[in-house]
Amino acid sequence: MTVLRRILLVVPILLFAGAVVALLAPGGLGDSRPQVVTEGLSAEAYRGTVGRAGELPGWLHALAEYGAAGGLFVLAGLLARVGWLGWRRHRVPGAFGVLLVGAGTVLAYLVSEGLKLVVDQERPCRALVDVGTWVSCPAVGDWSFPSNHSTVAGGLAAGLVLLAPRLWYLAVPVAGAVAALRVVAGVHYPHDVLAGLLLGAAASAALLIALRPAPVSAAARQPAPHH
């Protein structure tokens, strides 16, 4: 794939992701006050989801609190396995692709941290005091938009789908579960996790498309015959 074709693929991905994340953001740019979301589709979906979750047995509370972190470990483990197999089988594009996914995920995480400081959106567990949550609300100043867990999940899952498409049936549901559990736990709105998933996926996909070496065919890997 030529450099021009790579650029033509990467730029629309980043522009689309940036536009959607901007649309999902509740504001905040140029406003020093915290953004408090109490109305709208996302707030209503949060109320319904967390309210129904509160009716579940208490032993499930730990799943909401720690399940998202467990999902990230699953995705990281799958990615590490893809990299190890690529290195073992001397498949440079695959092994290098894992490093790119890691770099893209870290970059997306840093961007999400920057967005938190710009948007200053209050956590739903603090803004919607009428809704009880399973876990303690994060400290004041630990902003909600976008979700860091979802950003990391989106980056790892997108990388897995592109590097090892056969793993999509694991990567996509696990990433979705990570995002959903952050809402169920009461610490994020649905729009927080959607923005995070998109941000992470776009960063990983962009780096892979832009910098991953082209796969080497099996014929090209064979040693030249001696005459």
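Is R47 buried, exposed or partly exposed? At 23% relative accessibility, R47 counts as partly exposed, where buried means under 20% relative accessible area, exposed means over 50%, and partly exposed lies in between (1.4 Å probe, protein chains only). The model is predicted, so local features need pLDDT of at least 70 and side-chain atom pairs count only at pLDDT 80 or more, while totals for chains, interfaces and linings use all residues. Residues are numbered from 1 along each chain as its sequence is written, and side-chain values use heavy atoms, with hydrogens and water left out.

The structure holds four salt bridges, each being a side-chain nitrogen of Lys or Arg within 4 Å of a carboxyl oxygen of Asp or Glu. Side chains of opposite charge can pair when their charged atoms come close. In one of these bridges, R47 meets D130 at 3.5 Å, N to O. R47 belongs to helix α2 (residues 41-53) and D130 to the loop between α5 and α6, so this pair ties together parts that are 83 residues apart in sequence. Helices here are DSSP runs (H or I, at least four residues), numbered from the N terminus.

Another bridge links D142 and R123, with 2.9 Å from N to O. Here D142 sits in the loop between α5 and α6 and R123 in the loop between α4 and α5, so the bridge connects parts 19 residues apart in sequence. R123 is buried, with a relative accessible area of 4%, whereas D142 is partly exposed at 33%. Through shared partners, salt bridges also join E44, R47 and D130 into one network. A further bridge pairs R126 with E122, their closest N and O atoms being 3.2 Å apart. Of these two, E122 is buried, with a relative accessible area of 10%, and R126 is partly exposed at 27%.

A covalent link comes next. A search of the whole structure finds one disulfide, meaning a pair of cysteine sulfur atoms within 2.5 Å. The disulfide joins C125 to C137, with 2.1 Å from S to S. C125 lies in helix α5 (residues 124-127) and C137 in the loop between α5 and α6 (148-163), so the bond ties together parts 12 residues apart in sequence. The torsion about the S-S bond is about 70°, so the disulfide is right-handed. C125 is buried, at 12% relative accessible area, while C137 is partly exposed, at 27%.

Attention now turns to helix α3. This helix (residues 61-88) has 28 residues and reaches 41 Å from its first C-alpha to its last, close to the 40 Å expected at 1.5 Å a residue; the expected span is 1.5 Å times one less than the number of residues. Helix α3 bends by about 45° at G67, the bend being the angle between axes fitted to the seven residues ending there and the seven starting there. Its buried residues include G67, L75, L78, L79 and V82.

The largest nonpolar core has 22 residues, of which L75, L79, V82, L160 and L163 touch the most other members. Such a core is a set of buried Ala, Val, Leu, Ile, Met, Phe, Trp, Tyr and Cys residues joined through side-chain atoms within 4.5 Å. Two or more residues come from each of α3, α4 (92-119), α6 and α7 (168-184). Apart from this core lies another, of 12 residues, among them Y46, C125, V131 and A179.
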